[in-house]
Amino acid sequence: MKKGNIMESTEQVRLEFLLNGKKQSLFIDPTLSTLNLLKIHFHLMGTKEGCGEGDCGACTVALGELKDDSVVFSAVASCIYPAVKLHGKHLVTIEGLGSHSHLHLIQKHIVNSHGIQCGFCSPGIIMSFFALFAMNSHPKAEDVEIALQGNICRCTGYEGIKKAGDSLISHLATVPDAELADAIVPSYIATTIEDLKSIAVNEGIATYRIPHTLEEFKEATENEEPLLMAGGTDVRVQMKQHKIPSDRPIVDLSAIDELKKIALKDGMLCIGSQTTITECAKNQLIQQYVPELSDMARLMASTQIRNVATIAGNLANASPIGDATVLLLARNASLEILRHASKAVERVPLRSFFKAYRKTALEKNDLILEIEIPLQESEKSRTSVHFEKTSRRLDVDIATVNSASMMTFAGDQIISWVVAFGGVGPIPFTVEIVKKDKPLDKKLDDTKLAEIGRMVLAQCSVIDDVRGSTEYRKALVKNHIIKHYYTQTMPGQEG
Ligand SMILES: Cc1cc2nc3c(=O)[nH]c(=O)nc-3n(C[C@H](O)[C@H](O)[C@H](O)COP(=O)(O)OP(=O)(O)OC[C@H]3O[C@@H](n4cnc5c(N)ncnc54)[C@H](O)[C@@H]3O)c2cc1C
Ligand code: FES
Ligand code: FES
């Protein structure tokens, strides 16, 4: 059977979760999206479908997850969020906030600021506001902008919506601390925490396995060749576009806590493969040791996508323009891979991971366990890493060309300079511009920078597609080199 663009499976999977304060228990098709679950099973029509591929934010809902006895909210795009992943969570939709006769505080501010523009986008915008203010009662205007990155308006613009954000910020500044949580979060969230805790673990079904440990993962993949799915932001879009058969059995990696750890080990920062991009942006170790990964997150996709997209998914999908990919290439990261055939754990340098267009060193059922980033600390040298992305739009757009540059300085010399590029060739690649045995004076003129640009281009065959012609991409490569150089050698003067 076909539902929308996705084939329906005949096997049903158990789903227990809370929806706007009420516990729900049912069996569903594992291919069902959260958006279709709301419409088909619960007849809730408030959440809208625009693009159906995670791009527009019309379908935004708030996902509540139990952490240390409280519920933590994040915005997700319900059109590509598999309903089965709701198990054990509290889903809040537009119907769970206010009503016609009693608007929620967020709705009141949006109405009063003339931020209601079209009926399609407004529910998603309100839910993005909700997920932000539920977790941060005193956000800055910039936080509001970031929260709304994934809500695209093509009719009017964002003035009224931004005003609503400003007026909510001002209003909440007058609310006493003890009343802040209740001003935004509906009271049913606190009273249903015990219901949330009572939901038993879900192991899935044959066509949708949900391992909770690495042992269970090995067992789930022992004799099958399922598709491994992490956040599903790529997998679900590819299924919608018929690039992956939607009835393909899935092993969902997102419940394996062993894959979510971030720690320092043997001079490396090790990031578990299931770490989401949002976690990368917030984690203190990452902020301290690899701050550019946190900074890059602002330029990748949208809040709704980053909340579920994982760092390993960005590498394993083998996209030629993955944003985390180029940064990790510049940083000379390695992957720890659990090989299915040998059952051994192998360390693979990321620089030899990409083999051909959309082909990596991963074989059938191989699992990326973690990403290891070497930390180069020396009293005699200073290292700087800079990420650059050129896309047609600042928000929710993949790059035409992206790059990351890692430079190491000793005194007035550049003693090492490596730049990784995406969107130039069929696979992302790394160029060593300055080698350790041939340091370069820090002061480079335009002629030298142009020569470096030509040297980089001589090492690849530049692609040509709808995002940009070969000539345009060549110009971008040269410009990225210049931008990296000035940003890293003369911060503040890069223009
Ligand atoms: C609207 C939208 C905007 C986007 N914008 C950007 C952008 O700006 N920049 C960007 O780089 N990307 C972007 N993406 C792409 C995508 O979100 C990212 O690549 C994301 O990091 C993929 O992670 P995931 O966990 O969702 O992967 P999934 O979809 O779950 O998986 C992707 C692939 O990785 C494999 N995989 C995942 N984890 C593992 C593992 N541990 N071991 C082995 N294989 C694994 C899966 O089998 C699958 O083949 C966007 C996507 C959408 C929908
Ligand atoms: S409908 Fe556009 S993001 Fe979901
Ligand atoms: S608010 Fe819907 S397109 Fe502008």
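Trainee: What makes the approach of a nitrogen atom of ligand 1 to Ile368 a polar contact?
Mentor: Bear in mind that the model is predicted. The nitrogen atom sits 2.9 Å from a polar backbone atom of Ile368. The cut-off is an N or O pair within 3.5 Å, so the pair counts as a polar contact.

Trainee: How do you know that Asp397 qualifies, with a backbone N or O atom 3.4 Å from an oxygen atom of ligand 1?
Mentor: The limit is 3.5 Å, so 3.4 Å passes. For Thr310, a polar side-chain atom is 2.7 Å from an oxygen atom of ligand 1. On its own ligand 1 exposes 980 Å², and the protein buries 92% of that.

Trainee: Which residues come nearest to ligand 1?
Mentor: Leu228, Ala230, Gly232, Thr233 and Thr310, out of 35 around ligand 1. By type, the shell holds 17 nonpolar, eleven polar and seven charged residues. Helix α15 (311-316) gives the largest share, four residues.

Trainee: Why are β8 and β10 called edge strands?
Mentor: The open sheet runs β8-β9-β11-β10. β8 (204-205) and β10 (227-229) each have a single partner strand, so one side of each lacks a neighbour in the sheet.

Trainee: What makes β9 and β11 a pair?
Mentor: Pairing requires at least two bridges, and β9 and β11 have two, in the parallel sense, so they pair. Within β11, Val251 is the bridge partner of Arg209.

Trainee: Which helix lies across β9, β10 and β11?
Mentor: Helix α9 (residues 214-221), which runs at about 180 degrees to β11.

Notes. Residues are numbered from 1 along each chain as its sequence is written. Chains are lettered from A and ligands numbered from 1 in the order in which they are written. This is a predicted model: local features need pLDDT of at least 70, side-chain atom pairs count only at pLDDT 80 or more; totals for chains, interfaces and linings use all residues. Side-chain values use heavy atoms; hydrogens and water are left out. Contact means heavy atoms within 4.5 Å. Axes are lines fitted to C-alpha atoms, for helices over the stretch in contact, and angles run from 0 to 180 degrees between N-to-C directions. A residue is near a molecule or strand if one of its heavy atoms lies within 4 Å of it. A polar contact is a pair of N or O atoms within 3.5 Å; within protein, one must be able to donate a hydrogen and the other to accept it, and residues adjacent in sequence count only if both atoms are side-chain atoms. Accessible areas come from the Shrake-Rupley method with a 1.4 Å probe; for residues, only the protein chains shown count as cover. Ala, Val, Leu, Ile, Met, Phe, Trp, Tyr, Cys and Pro count as nonpolar, Asp, Glu, Lys and Arg as charged, and the others, Gly among them, as polar.
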